Amino acid sequence: MMRKPLITLLFGFILFPFCSFSQNFYNRDTIQVIEIFFSFANWDAQLDANEAAETYIYADSVRINGQSFDSCGVRYKGNSSYNPTNQKNPLHIELNTIKGNQDYNGIKDIKLSNCYKDPSMIREILSYQILENYMDCPGSNFARVYINGQYRGVYTNNQSINDDFNLAHYYQADDTYFKCNPQGGAGPGGGGVSPDLKYLGADSSLYANGYELQTNFGWNRLVALCNTLNNDFQNIENTLDIDRAIWMLAFNNVLVNLDSYSGAFRQNYYLSWDKNGRFVPTVWDVNMSFGGFPGGTGGGAFTPSSLDPFSNATSANHPLIKQIMANPLYKRMYMAHVRTMVQEMFASGQYETWANNLMTLADSSIQADPFKFYTYTQFLNGLTTAVTGGGGPGGGASIPGIKALMDARAQFFSTNAAYLLSAPSILNHGSSTANPIYGSTITITAQVSNETAVYLGYRTDHTLKFNRIQMYDDGAHNDGLAGDHLYGANFPVNGLTIEYYIYADNNNAGLFSPARAEHEYHTLTVSFPAPNVGAILINEVLASNSTTNLDPNGQAEDWVELVNTTSTPIDLAGFYLSDDPMNLMEWPFPAGTIIPANGYLLVWADNDVNESGLHSNFKLSSAGEYVSLSLGLSVYDQVTFGVQSPDISYARCPDAGLNFAQVTPSPLAVNTCDVGVIEQNLQVQVYPNPFQDELFIDNQENGAQLQILDVNGRVLLNQDLPLGKLIVPTQAWSSGLYIVQIEHAQFKQTLKIVK
């Protein structure tokens with residue numbers, strides 16, 4: 001007969017974790033206030049002296065929206081936007097240069113641009129506001145910057161592309177990523193190398209002047225990407241997120257953003273290695289979008305308003321564009337993305353509403369800006385009037401008014417032959433079931449017209465790449481009758497969720513559903529057949545691992561062992577481990593994680609999720625704490641342990657039993673219960689958890705004592721625990737965490753509960 005702990009939670013958790021409602025540092029509806037304080041007056045000269053070496057000088061403090069940080073690194077940044085004669089240079093602030101634990105709402109790097117070559121002063125923020133609808137990109141907003149109490153003007157505050165960004169968007173940190181800018185500054189770098197993705201040969205040193213590696217390794221990956229792109233393009237999707245690359249090129253073209261891969265210098269983007277083993281591009285540095293870049297396309301004279309959507313399609317200097325445009329499927333996908341962006345943002349006038357909102361928000365701050373590069377009148381006319389010749393730093397070519405350019409651009413597309421090609425129509429789509437069961441097979445269908453081929457992109461976990469498979473109208477794929485334009489495709493449900501899109505194609509044009517795919521997608525929620533409570537238990541915990549029980553990387557890390565008490569393998573999709581009763585869904589088991597029949601599974605509790613294998617996003621405390629196993633929000637098992645000695649685990653004795661002992665660790669094996677002190681569990685049930693106005697305690701132990709404390713250690717209840725059911729009224733208790741302690745003779749049990 002299956003045995004399970006007698007102190008258990010009878011009802012599943014519904015958690016409302018404490019959330020920080022602090023202001024988003026990149027919220028476009030606000031203007032950040034950033035104040036820098038140096039103890040010396042010649043800070044500008046010192047910043048200039050350190051600019052070329054990209055080294056920091058140290059501010060006594062930096063204050064962000066009233067919150068102060070000591071001893072922060074500050075330096076000038078930028079290429080053409082930096083000049084030692086400027087009164088307003090771009091700034092990079094690093095809050096944790098000296099004090100490693102300093103951050104503002106999780107932000108450690110602050111990148112401030114000076115609105116160079118932008119009379120409107122909104123190009124960067126507006127460009128990212130548009131782009132975020134189609135691919136992951138940095139957040140961006142305005143900041144008022146002060147140095148030693150003097151107002152230095154309005155800057156754009158742009159999110160840094162770093163490990164935090166990569167982890168949040170591409171689910172991989174501490175791994176390869178490149179800033180694709182030449183080492184010699186704007187334009188071809190030293191040795192004439194640009195970050196244009198040409199294949200220069202197998203020697204990685206040939207690429208060093210064209211790219212900035214931001215990590216300690218990855219040159220061979222970049223060489224492999226360039227080789228695949230140029231010499232084995234049929235396999236490009238194994239090496240590059242091709243949809244993200246197509247969106248990037250569509251954005252660059254529609255917005256005439258030519259200080260980019262699509263322009264003369266082929267620069268200003270990042271390549272980040274994602275958890276699927278491929279590079280993902282991220283757009284960067286868009287202050288010269290909307291036709292503000294004087295260098296052009298690199299292919300001769302052109303008119304910004306009528307820039308050909310296939311600009312550089314045959315350019316040997318732009319192999320990414322050339323290869324995509326030479327592939328009929330990718331070329332039609334590219335034009336589908338162009339149509340979506342033009343229709344949603346420019347033909348509709350949506351961009352103008354956003355532009356006016358930004359200009360209104362910043363108006364008074366820009367008017368007061370003592371060091372802006374353009375006049376206040378030029379700012380006010382930035383949507384409609386071009387600035388030519390000597391306006392702004394360096395003079396140079398005309399910078400068009402944003403609205404004047406983009407209204408003309410929308411008009412150009414409305415008569416462009418490639419833009420007007422007739423695409424299929426996706427009339428409707430659906431699935432064989434609205435609630436697919438994990439382990440089943442599902443059919444996605446789509447009713448389409450004017451098509452020659454239809455594809456389904458799907459994934460069963462949000463962090464995975466989409467699989468693109470062909471859909472069929474042959475009557476054999478749950479698609480109705482052959483030839484009825486109802487297409488079907490089947491695939492196994494083997495993940496936590498289903499995300500999918502449809503792409504329909506003909507010989508002229510293509511169409512996505514949803515139109516912003518792959519950035520947006522249709523979603524189905526997966527249901528999981530739930531094993532009985534007690535089928536899986538937390539069997540052993542080691543929270544003080546010194547020299548033994550090494551993980552595959554040779555590190556002595558904490559671990560949690562689970563045991564399957566049944567004779568059937570169990571898939572742990574939908575299960576979570578946590579050491580925080582306020583956040584039961586702290587670490588999800590990856591889809592496809594199987595615990596064998598009557599077998600064990602080990603999870604390394606080392607907060608090192610980027611290592612291969614099962615590594616949770618939390619560590620355990622040797623001073624004692626709590627571990628839970630839950631299916632979604634339903635608790636299946638929980639263990640509270642006290643202080644652990646080095647290399648002594650806290651284990652059920654016997655395996656899957658009711659009692660615990662401190663024993664010699666035995667990971668993935670029968671617990672060594674011949675050693676150690678048994679800690680017997682009491683026959684007491686405490687429920688529900690979380691609770692509201694009443695807490696119920698069922699007791700089958702004579703002589704038990706009950707004590708309930710709040711999170712500050714204040715005793716709320718201290719009494720003998722009667723046999724049977726005790727109802728504790730809790731209406732007057734505040735929401736939060738409480739500690740239940742039950743003692744019987746020499747035994748003591750502790751439980752964390754939540755109101």
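This is a predicted model: local features need pLDDT of at least 70, side-chain atom pairs count only at pLDDT 80 or more; totals for chains, interfaces and linings use all residues.

Student: Which residues of helix 2 are buried?

Tutor: They are R123, E124, I125, L126, S127, Y128, Q129, I130 and L131.

Student: How do I describe the way two helices pack?

Tutor: In general, you give the angle between their axes and the distance between the axes. Here, helix 2 (residues 123-131) and helix 8 (residues 350-367) have axes that come within 10 Å and cross at roughly 140 degrees. That angle is why helix 2 counts as oblique to helix 8. The crossing of these two helices is right-handed.

Student: Which residues make the contact between helix 2 and helix 8?

Tutor: From helix 2 you have I125, L126, Q129 and I130, and from helix 8 Y351, W354, A355 and L358. Sorted by class, the contact of helix 2 with helix 8 has seven nonpolar residues, one polar and no charged ones.

Student: Can you show me another pair?

Tutor: Helix 5 passes helix 7 in a right-handed crossing. Among the residues in contact are I246, A250 and F251 of helix 5 and Y334, M341 and F346 of helix 7. By class, the contact of helix 5 with helix 7 has 14 nonpolar, three polar and one charged residues.

Student: What should I know about nonpolar cores?

Tutor: In soluble globular proteins, nonpolar side chains tend to be buried together. In this model the largest nonpolar core has 103 residues, and I130, L197, L320 and F346 touch the most other members. Helix 7 (residues 328-347) supplies the largest share of this core, eleven residues. Another core, of 28 residues, lies apart from it, and its members include I570, W587, L620 and Y636.

Student: What does L320 touch, beyond residues up to four places away in sequence?

Tutor: L320 touches L197, L229, L240, A245, M248, L249 and Y261.

Student: How do I read backbone angles?

Tutor: Most residues other than glycine have a negative phi, and most peptide bonds are trans. Now look at L197: its phi is positive, about 70 degrees, although it is not a glycine. L197 lies in the loop between strand 8 and strand 9 (212-213). D174 also has a positive phi, near 55 degrees, and sits in the loop between helix 3 (163-170) and strand 8 (177-180).

Student: Are L197 and D174 buried or exposed?

Tutor: L197 counts as buried because its relative accessibility is 3%, under the 20% cut-off. D174 is exposed, with a relative accessible area of 57%.

Student: And where are the cis peptide bonds you hinted at?

Tutor: One runs from S513 to P514, with omega near 0 degrees. P514 is in the loop between strand 18 (510-513) and strand 19 (522-525). Another cis bond links A517 to E518, with omega near 5 degrees, and E518 lies in the loop between strand 18 and strand 19.

Key
Residues are numbered from 1 along each chain as its sequence is written. Side-chain values use heavy atoms; hydrogens and water are left out. Axes are lines fitted to C-alpha atoms, for helices over the stretch in contact, and angles run from 0 to 180 degrees between N-to-C directions. Helices (H or I, at least four residues) and strands (E, at least two) are DSSP runs, numbered from the N terminus. Angles under 35 degrees count as roughly parallel, over 145 as roughly antiparallel, 65 to 115 as roughly perpendicular and the rest as oblique. A crossing is left-handed if the near helix is turned anticlockwise from the far one by less than a right angle, and right-handed if clockwise. Contact means heavy atoms within 4.5 Å. Ala, Val, Leu, Ile, Met, Phe, Trp, Tyr, Cys and Pro count as nonpolar, Asp, Glu, Lys and Arg as charged, and the others, Gly among them, as polar. A nonpolar core is a set of buried Ala, Val, Leu, Ile, Met, Phe, Trp, Tyr and Cys residues joined through side-chain atoms within 4.5 Å. Buried means under 20% relative accessible area, exposed over 50%, partly exposed in between (1.4 Å probe, protein chains only).
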